[in-house]
Amino acid sequence: MSGVAHYRLAQLAGRFGLELRGDGAQMITGVGTLATAAPGQLSFLANPHYRGQLGSSRASAIVLRTDDAAHCASACLIAPDPYVAFAKIAALFDPTPVATPGVHPSAVVATGARIGDGASIGPLCVIEDGAVIEAGAAIGPHCVVGKDCTVGAQSRLVARVTLVARVTLGKRVLVHPGAVIGADGFGLAFDRSASAHGGWIKVPQLGGVRIGNDCEIGANTTIDRGAIEDTVLEEDVRLDNQIQIAHNVHIGAHTAMAGCAAVAGSAKIGRYCLIGGGAGILGHLSVADRVTVTARALVTHSIHSAGEYSSGVPLQDSRQWRRNAARFKHLDDLVRRVQALEKESGSKESKS
Amino acid sequence: MSGVAHYRLAQLAGRFGLELRGDGAQMITGVGTLATAAPGQLSFLANPHYRGQLGSSRASAIVLRTDDAAHCASACLIAPDPYVAFAKIAALFDPTPVATPGVHPSAVVATGARIGDGASIGPLCVIEDGAVIEAGAAIGPHCVVGKDCTVGAQSRLVARVTLVARVTLGKRVLVHPGAVIGADGFGLAFDRSASAHGGWIKVPQLGGVRIGNDCEIGANTTIDRGAIEDTVLEEDVRLDNQIQIAHNVHIGAHTAMAGCAAVAGSAKIGRYCLIGGGAGILGHLSVADRVTVTARALVTHSIHSAGEYSSGVPLQDSRQWRRNAARFKHLDDLVRRVQALEKESGSKESKS
Amino acid sequence: MSGVAHYRLAQLAGRFGLELRGDGAQMITGVGTLATAAPGQLSFLANPHYRGQLGSSRASAIVLRTDDAAHCASACLIAPDPYVAFAKIAALFDPTPVATPGVHPSAVVATGARIGDGASIGPLCVIEDGAVIEAGAAIGPHCVVGKDCTVGAQSRLVARVTLVARVTLGKRVLVHPGAVIGADGFGLAFDRSASAHGGWIKVPQLGGVRIGNDCEIGANTTIDRGAIEDTVLEEDVRLDNQIQIAHNVHIGAHTAMAGCAAVAGSAKIGRYCLIGGGAGILGHLSVADRVTVTARALVTHSIHSAGEYSSGVPLQDSRQWRRNAARFKHLDDLVRRVQALEKESGSKESKS
């Protein structure tokens, strides 16, 4: 078993402070779902929906709540929040290799860049002048760390990440491939004197981007730098893939956004918000703390109190949908017709 | 004509088993649309909408259905499906150069990587330890093939593609620039004991991505690897640009998705589906075989039978739209008012 | 102050033809917003909404309209369009370094590529055979300029831009990181004879992309090349991040599109249009000149006259929204019920 992570169940219980029931001497060599775990693997039950799978699971041990332990045929670890406990245990079995400290000979590192102790600069990276890579940070292959950008200690750019200019990442920030942080915000002024009928001139984007500790930025996500002041993500903000954050947006700590969400310029989002996949937030709005926006909703006005918000219409068979959608174009008219009927009915009422 | 593809029309007829009408000796040197083809070029008529262009086209030959041949002034090739026949012929005129076998000297290839016969590794690629590039595969410039990833025989990564970890591509897979396959899925557990009011901890993403033969993955598309098990695309799945496929999604064979579509975690999509541009599919849903989802529709519940599905409301002049949209906020109230009128009308009815 | 841009206020007035009020001898060393500018900085007032900040701003000088000058405690520069004037002044303070002419030794430049006078090829670029980089163009790190692509004079690819094949950029074009221009359009023909129940075959994409002078292309935006003819952006088109432009789209001069907008194949968009964030335009449609499409609207039919167009429904508290959305599924039925009531009411009317 050399080279493969393995722990006795009792070791895991001790390490994460969990109550052990059953044989603590058995060896755990990996994790699996209740339905597919093989003997030797550890699984978990967090969603009561899957409780029925407890009996048939071949997992050697299961992390679960104390209430569910009675229904568990195998050994188990009792946790108040089994998903959190599972996440911590599973991390032990993550085969992602630790980056080798040092600068790969194929990387292009400017003489004015500063590389901290134990940092790793992968193959074919470009580290520009004035860039700072703090201690223990890992810059994967094909990253560009632009002029005057800072990557905080223990942060990791997985591969092919671009930090354009004036970007500061805190500690333990994780950035996935294809992310572009610190590109020009979309700032344009329409100049009536340009061209025959006017044309655009570019508004220089002089701000930067500041990203707090423990943030995660998904693959191909883009975060533009500010026009004058900075675009800001506070600590522990979690962004999925293909998210667009425009210039001067401010996102509060512990907010999470699912894939393809988009935030327009200068919007301010609170702390502990959950923004659903593909949701949009228009520019210059404020969103309070602890707001949930459901998938694909468009936030068209500021939200001043915690709660859940939605927009959109439900999916239907296209034939039915077409009929309903056509009626939407005359909804205001329909309301007026109902008002007329009500008025008439009322006058009849009063007449009768 | 050396260096430029050219074929006699009779050669094309023979090669693709099409009936020839007119002069088979003439030389075809390229393809064009009915409206713009020049003499020497071959065009096609698939959509009856363009039938009126048959008479005026300058194309030397036209691929069409037998019914349309009578209206064709030029030579023609008769095909049961002219678009399919045209696609096959046009491929002969594709100038995309064949990749030169061998490893470009600027590529960084780990000693533990395995490169098959006739494979091509382009400039500035990074091929990591344990990666396998099968025979005849072509890896264009600036690609990263991560640890333990496999690129199947005759596959092609056009340029700047990133395969992060535990990604397996089948044979003849085509991946366009900027695609990121195998990045971490978006797995988070909220840990109430972290920070003052709780914070996120990362759920390690231990699965991989398996992509079947003959799939095509568009530019800047992202496909995350699974949390525990794999994210799977069966054979001949076709994804356009900027599509987001979350962890543990399963897409059936021959399904095609247009640009900017997004599929949330653990959704299961059937075979032969057509997912429109910008459509979304929520997590943990099932979509049956041969389902069409129209552009921008959001699939919010499982779909159990083949058919076409939509959501959204129609485009209108903004002033009209604003009036209708405002009424939508009180639609439930409107229904109740209509119910009241109906009840009243019914009671009058029964009274009268 | 060596190394930092600085200008006397009178110099700025003279350079941009603006009327100066107040002390022209003072030195301006940067720009800021009204709320946060420090002494030595120049600010601007364009949006009357911020007029209240005039009194308290610490800016040394403010660019504003003549009407606002009376309320300005500091020096000011009078401009008919203060935002345009500010943009021009601010450009003087942009610290983006000018690219060093010449080819970085780590770049891979094909012998058949042509590099103009004063052009700059950054580290780890790949310039393929037949590519032309015109005079003064700057190609940042990690760019790929594919076969037979042309980058016009004074254009700038910031970093990690991919021009795949047959792409021509005009002069002064600016392309941000992660953009992919000239990838295959999404062309598929369904071949019933392939596989057991049919499968896709690829339609070769033989066209190119032509981008006019002064265009700007955002980070991770994708612009596919045409199937037979070219995809075209006329001059001064401005695209934000993560926009998807499908094959054979034509975009008129001076049109601007905000982040995450998407245009399907062969759509034709006019000049001076404003396309909101996340808006979509279906394939083969035409959009007239000077059309505004609001954020997230889906253009489902051609638009023949200038104006503003929208779709979607408003954001609500999810509980209220769910009730209304459920009613939408029966909107057609509701209209029929109202019609019945009207008919009945009318017959009563006529009876009474």
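What rotation superposes chain B on chain C? Hi everyone, let's start there, keeping in mind that this is a predicted model. Turning by 120°, with 0.0 Å of shift along the axis, puts chain B onto chain C at an RMSD of 0.0 Å. The two copies are therefore related as by a three-fold rotation axis. And they use different surfaces, since 20% of the contact residues of chain B recur in chain C.

Now let's look at where these two chains meet. On one side we have 60 residues of chain B, in contact with 61 residues of chain C. Which elements of chain B each bring at least two residues to its side of this contact? They are helix H2 (82–91), strand E40 (316–317), helix H3 (318–328) and helix H4 (331–351). If you want one to find on your screen, pick H4(B), which gives the largest share of that side, seven residues. As for the kinds of residue on the side of chain B that touches chain C, there are 29 nonpolar, 20 polar and eleven charged.

Please zoom in on E40(B) next. This strand pairs with strand E39 (residues 307–310) of chain C, in the antiparallel sense and over two bridges. To see one residue pair, look for B:Asp317, whose bridge partner in E39(C) is C:Tyr309.

Finally, a word on how a single chain is laid out. Chain A is divided into domain 1 (7–91), domain 2 (161–309) and domain 3 (327–351). How many Å separate the centres of domain 1 and domain 3 of chain A? Taken over C-alpha atoms, those centres are 61 Å apart.

Notes. Residues numbered from 1 in each chain as written. Chains lettered and ligands numbered in written order. Predicted model: local features only at pLDDT ≥ 70, side-chain atom pairs only at ≥ 80, totals over all residues. Least-squares fit on C-alpha atoms with pLDDT ≥ 70 in both. Contact = placed C-beta atoms within 7 Å. Helix = DSSP H or I, 4+ residues; strand = E, 2+ residues; numbered from the N terminus. Nonpolar A, V, L, I, M, F, W, Y, C, P; charged D, E, K, R; others polar. Pairing = 2+ DSSP bridges. Domains from an automatic or database assignment.
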